[in-house]
Amino acid sequence: MKRLELRALAEEELTEVAIGLGLKRFRAGQLFQWVQGKAVQTWDEMKNIPAQERLQLAESLNFHPLERVREQRSQDGTRKYLFRLHDGETIECVLMDYERRHARDRRTVCVSTQVGCAVGCAFCATGLGGFRRNLSVGEIVGQVLDIVCHLRREDPEFNITNVVFMGMGEPLLNYDNLLQAIALLNHPKGQNIGMRRMTISTSGVAPKIRDLARANPQVGLAVSLHAASDELRDALVPMNRRYPLKELLGACREYSELTSRRITFEVALTEDTATRAHAEELAALLKGQLGHVNLIPVNPVAEAGIKRPLKSELKTFAELLEGNGITVTVREERGTDIDAACGQLRRQWEGES
Ligand code: SAH
Ligand code: SF4
């Protein structure tokens, strides 16, 4: 029989396991608290569970904390982790705002949902490496748990307030595991991260956006638009060949109608796409859509030969959108000194090892 993953189980599922092993029902609550709340990494730490029972549990459940193989610290407080999974695959995870936690009460983790990615966007280091596999529920939740565990050694009060599913992989192509992981992270006895403080970023899997609208877990949605015409978007975000703009924006409209939530449209600008004509095209495309645009100067990835626009071009682009009644934010740069664009650390590491 396939063993269940400890970090993937809800309290009710743990209850079934406990009862199946002849243990008291309340052990499940204790176990859940150790795993999801206290974020422990070993059975030995679960002090209020008798050693014999811990052994029994360990024999029937898989418990695979992630192995921290690399950590980079940026001058701006961003920390980037490379984790090794139990089968040897590696993923990246980024903690933002850590050093600034006293100035702003926000600590955000950027979580991966797949090992690699099949979408293959032109400027993305993760896409360059191709797709390996989906992450399990325990591996998705585990990124947050292991960072919490690690940093509580420095600061026992440490917790995570926000999660963005913007690490490696396309979250909506691992939809079921993603939604289960979100429910665990949101659990009051777990990390208790508010639904509204979690954001899913997608390259535009239109049917899954519609599913998400119906499930409406109250999380935020970011759509990686990047281009306002099918021609350009086909080249930059190949998901567009499957779900072209008309279909994608149709799904976005349905999402906004059903959830009354604003979508964030991510637009990473390169030296080629930060043009006036593109800004006007984008304004026309988004007319009447509930949402706002987040402009990002693309993070240069050497192998992809993509370069950033000038600051002045970015500013003109933003002004043109605003002039058309669109709310615009320009993403703060973080961690550029540590290659914080996801996928870069892993590529570097694999190149060396
Ligand atoms: N697969 C999902 C989520 C992970 S990528 C998605 O594509 O939305 C998270 C975000 O980083 C996306 O908006 C993606 O387009 C962006 N991104 C990837 N590489 C980048 C780079 N080199 N510079 C700027 N943004 C990048
Ligand atoms: Fe995949 Fe997102 Fe990278 Fe595109 S940007 S290749 S969808 S991870």
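Predicted model: local features only at pLDDT ≥ 70, side-chain atom pairs only at ≥ 80, totals over all residues.

Q: Good. How many residues surround ligand 1, and which are the closest?

A: Ligand 1 is surrounded by 16 residues, and the closest are Gly169, Ser201, Ser224, His226 and Asn299.

Q: And by class, what does the shell around ligand 1 have?

A: Seven nonpolar residues, eight polar residues and one charged residue make up the shell around ligand 1.

Q: Which polar backbone atom is 2.8 Å from a nitrogen atom of ligand 1?

A: That backbone atom belongs to Gly169.

Q: What share of the accessible area of ligand 1 does the protein cover?

A: On its own, ligand 1 has 530 Å² of accessible area, and the protein covers 91% of that.

Q: Now ligand 2. Which residues are around it?

A: Around ligand 2 are Cys117, Val119, Gly120, Cys121, Cys124, Gly127, Gly169 and Ser203.

Q: How many charged residues are in the shell around ligand 2?

A: There are no charged residues in the shell around ligand 2; by class, it has four nonpolar and four polar residues.

Q: Changing topic: where are the domain bounds in the protein chain?

A: Domain 1 covers 4–62, and domain 2 covers 67–352. Taken over C-alpha atoms, the centres of the two domains are 33 Å apart. Domain 1 gives 14 residues to the contact, and domain 2 gives 18 residues.

Q: What area is buried between domain 1 and domain 2?

A: About 1300 Å² is buried between domain 1 and domain 2, with carbon and sulfur atoms giving 48% of that area.

Q: And how many salt bridges are there between domain 1 and domain 2?

A: The count is two salt bridges between these domains. The rule also finds nine residue pairs in polar contact across the interface of domain 1 and domain 2.

Definitions and conventions. Residues numbered from 1 in each chain as written. Chains lettered and ligands numbered in written order. Heavy atoms only, no water. Near = heavy atom within 4 Å. Polar contact = N/O pair within 3.5 Å; in protein donor to acceptor, adjacent residues only side chain to side chain. Areas by Shrake-Rupley, 256 points an atom, 1.4 Å probe, with all protein chains shown as cover. Nonpolar A, V, L, I, M, F, W, Y, C, P; charged D, E, K, R; others polar. Domains from an automatic or database assignment. Contact = heavy atoms within 4.5 Å. Buried area = accessible area lost by both parts, 1.4 Å probe. Salt bridge = Lys/Arg side-chain N within 4 Å of Asp/Glu carboxyl O.
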